[in-house]
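This report is written for a reader meeting the structure for the first time. The sequence and the model are shown first.

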Amino acid sequence: MALLYDGNDDNVSHGDIASAEGTNLSIGFWVYENTAANGDIVIDKFTNGVNGFRIAVSPTVTRLRFSVGAGANGVMETESSSFATGAWHHVIFVYDGAGATDADRLKAWVNGVAQTMVVIATMPATIVANAVAFRSGFTATALDGRIANVMLWNASLSDGHAASQAYIRRPITT
């Protein structure tokens with residue numbers, strides 16, 4: 001089932017999921033945007049913009065941005081314009097705080113294809129714990145579209161496992 005967001009103020013709280021913190025995290029979901037705007041938040045567990053994580057549409061509107069907060073923000077975004085409106089996209093981000101470089105700490109796949117990531121600000125080694133709810137959609141910068149089949153792992157998925165997720169649980173609605 002897909003959740004519909006009208007672009008105004010919709011969000012769904014999934015509670016304070018403690019496993020969405022620490023040094024290993026993988027997040028996968030299907031997203032369909034009707035229209036895209038800079039900052040449209042897809043997934044969020046952020047406190048005051050400095051602790052937690054956020055997945056949002058980048059300022060270029062055709063890329064996705066992953067922010068990790070640990071007192072300061074680490075930010076990376078997909079390099080290619082692989083994220084377009086009017087279609088379902090499977091997205092998965094794999095965060096491994098033990099990685100030696102930013103490229104080792106954060107990897108992404110869109111529709112099963114590994115993405116080259118652009119570093120905006122260095123990724124921290126951990127996602128700082130916070131007591132904020134894990135949310136899809138957000139009231140301040142609302143998504144206009146649908147989110148389906150959100151999956152969360154408290155582990156860093158292997159490249160093969162992450163890429164294969166695009167072939168399962170595909171939404172059947174538009």
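The model is predicted, so local features need pLDDT of at least 70 and side-chain atom pairs count only at pLDDT 80 or more, while totals for chains, interfaces and linings use all residues. Residues are numbered from 1 along each chain as its sequence is written, and side-chain values use heavy atoms, with hydrogens and water left out.

**The sheet**

Six strands form an open sheet in the order β1-β13-β3-β8-β9-β10, and their pairing is antiparallel. Strands here are DSSP runs of E with at least two residues, numbered from the N terminus, and two strands pair if DSSP finds at least two bridges between them. Strands β1 (2–6) and β10 (113–115) stand at the edges; each has a single partner strand, so one side of each is left without a neighbour in the sheet. On average, neighbouring strands of this sheet are turned by 25° against each other, direction ignored; the axes behind this angle are lines fitted to C-alpha atoms. Trp-109 has Ala-114 in β10 as its bridge partner.

**Aromatic rings**

Rings of Phe, Tyr and Trp (its six-membered ring) pair if their centres lie within 6.5 Å; planes under 30 degrees apart count as stacked, over 60 as edge-to-face and the rest as tilted. By this rule there are 3 aromatic pairs. Two of them are set out here.

| Pair | Centre to centre | Angle between planes | Type |
|---|---|---|---|
| Phe-53 and Phe-66 | 6.1 Å | 5° | stacked |
| Phe-66 and Phe-93 | 5.0 Å | 35° | tilted |

Because Phe-53 lies in strand β5 (residues 51–57) and Phe-66 in strand β6 (residues 64–70), their pair ties together parts that are 13 residues apart in sequence. The other pair links Phe-66 in strand β6 with Phe-93 in strand β8 (residues 88–96), 27 residues apart. Through these ring pairs Phe-53, Phe-66 and Phe-93 are linked into a cluster.

Both Phe-53 and Phe-66 are buried, a term that means under 20% relative accessible area, with exposed over 50% and partly exposed in between (1.4 Å probe, protein chains only). Phe-93 has a relative accessible area of 1% and is therefore buried.

**Nonpolar cores**

A nonpolar core is a set of buried Ala, Val, Leu, Ile, Met, Phe, Trp, Tyr and Cys residues joined through side-chain atoms within 4.5 Å. The largest has 27 residues, of which Phe-29, Val-31, Phe-53, Phe-66, Phe-93 and Leu-106 touch the most other members. Strands β3 (24–35), β4 (41–47), β5, β6, β8 and β9 each supply at least two residues of this core, and β3 gives the most, with 4 residues. Apart from this core lies another, of 7 residues, among them Ile-92, Val-94, Trp-153 and Ala-162.

**A loop residue**

Gly-7 is found in the loop between β1 and β2 (11–13). Its relative accessibility is 29%, so Gly-7 counts as partly exposed. Leaving out residues up to four places away in sequence, Gly-7 touches Ala-142, Leu-143 and Asp-144, where contact means heavy atoms within 4.5 Å. Gly-7 and Thr-35 are 28 residues apart in sequence, and their C-alpha atoms are 8.5 Å apart in space.

Methods: Axes are lines fitted to C-alpha atoms, for helices over the stretch in contact, and angles run from 0 to 180 degrees between N-to-C directions.
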